[in-house]
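Me: I would like to go through the labels used for this model and see what stands behind each one. Please set the values against the definitions.

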Amino acid sequence: MALDQETLNQFVDSVRRYVRERLVPLEMQVAEEDRIPEDVIEEMKEMGLFGLSIPEAFGGLGLSMSDEVAIIQEMGYTSPVFRSMFGTNVGIGSQGIIIDGTDEQKARYLPKLASGELIGSFALTEADAGSDAGSVMTSARRDGDVYVLNGSKRFITNAPRAGVFTVMARTGTREEGGRGVSAFLVDAGLPGISLGKPDKKMGQKGAHTCDVIFDNVRVPVDALIGGKEGQGFKTAMKVLDRGRLHISALSVGTAKRLIDESVSYATQRKQFGSDIASFQLVQAMLADSQTEYYAGKCMVEETARSYDAGASVAMNAASCKLYCTEMVGRVADRAVQVHGGAGYISEYCVERFYRDVRLFRLYEGTSQIQQLVIAKQIIRNAQDAA
């Protein structure tokens, strides 16, 4: 459900003020301490950020894709670790339940995910399964009224705080590929679940990932999402369109921040008796960044409108993800260049953002996976039209 325009504008304005007045000043502290202060997490819960996309019937805000895109662009203006804290609840941690969950599963989990009382993590990636989601090797063997899970998952966002994991596990044969993968809602406190040591990442300090190991974890039969075996791969694919638009909007918001930082520095830094913003080669970098930012913003907002109208947007969502995440990488690179030597020093935020945004081209499907999705759809469209 879309908010009326006045309500949406008020919400966007409140998030914008919160981001710029509360979160931006905390960025350096969070990066140095590798943690978000607990009071900030509580504030984000109170604002409803954990339940942006969860239906109102379950305590969420029930935003449309267009509304969500508007909010996430504002969140992109600050360090992406803040968005990451609630991002799994908004996206991959809840959408599988919303789309394919049983009534009982929705009633049990969605209200707690919407309030932030429960943190959801999406456990798909393995050492040899990520982009190739159909090659999942974590197994789920039926044993009476339970499934027994064995295997390990890698790079799982928010795993150290998670209360429930959406786990993709193989109920069928290896030869069945994606058709043999099922999705389970696994409570994090079950015996047999252990966590690996926190990953030491290139960037995004304060957003935590680690391995999750399942050793003969006994999961009730009613934890199977939708109550059907072999639907897990399809569930994962359904979640992707919304997730890819979400990350695209985040990239657009971060590009805006980087442009503002570049303009601010260029108008203050002087060389040869003038501020460097007066130099045409610096202006060219600023102009290129602004143009690409605007192109990405238009792509995301148009595709979100199509999504809300019920159109098939798989190809366009992949196009947004490919363009916007690559775009913000270029904008970050130019921001460092505009700052010169200062851009390589951690005192300036562009150094941190340069590292942080590199991840955007990897999760929710790498740039290369987006290229394959786009190309296959173009070819399929041409064949259908022939």
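Predicted model: local features only at pLDDT ≥ 70, side-chain atom pairs only at ≥ 80, totals over all residues.

Me: Where is Ser 251 found, and what does Ser 251 touch?

Reply: Ser 251 is in helix H8, residues 232-268. Helices are DSSP runs of H or I with at least four residues, strands are runs of E with at least two, and both are numbered from the N terminus. Not counting residues up to four places away in sequence, Ser 251 touches Cys 324, Thr 325, Met 327, Val 328 and Phe 360; contact means heavy atoms within 4.5 Å.

Me: What makes H8 roughly parallel to H10?

Reply: The axes of H8 and H10 cross at roughly 20 degrees and come within 8 Å. Axes are lines fitted to C-alpha atoms, for helices over the stretch in contact, and angles run from 0 to 180 degrees between N-to-C directions. Angles under 35 degrees count as roughly parallel, over 145 as roughly antiparallel, 65 to 115 as roughly perpendicular and the rest as oblique. H8 is therefore roughly parallel to H10.

Me: Why is Met 47 classed as it is for accessibility?

Reply: The relative accessibility of Met 47 is 21%, so Met 47 counts as partly exposed. Met 47 lies in the loop between H3 and H4. Leaving aside neighbours within four places in sequence, Met 47 is in contact with Phe 11, Ser 14, Val 15, Tyr 18 and Leu 61. Met 47 and Val 15 are 32 residues apart in sequence and 8.4 Å apart in space, C-alpha to C-alpha.

Me: Which residues touch the most other members of the largest nonpolar core?

Reply: A nonpolar core is a set of buried Ala, Val, Leu, Ile, Met, Phe, Trp, Tyr and Cys residues joined through side-chain atoms within 4.5 Å. The largest one has 56 residues, of which Leu 49, Leu 52, Phe 82 and Phe 86 touch the most other members. H10 gives the most to this core, with 9 residues. Leaving aside neighbours within four places in sequence, the contacts of Leu 52 include Phe 11, Ile 71, Phe 86 and Val 90.

Technical notes: Residues numbered from 1 in each chain as written. Heavy atoms only, no water. Buried < 20%, exposed > 50% of the residue type's maximum accessible area, 1.4 Å probe, protein only.
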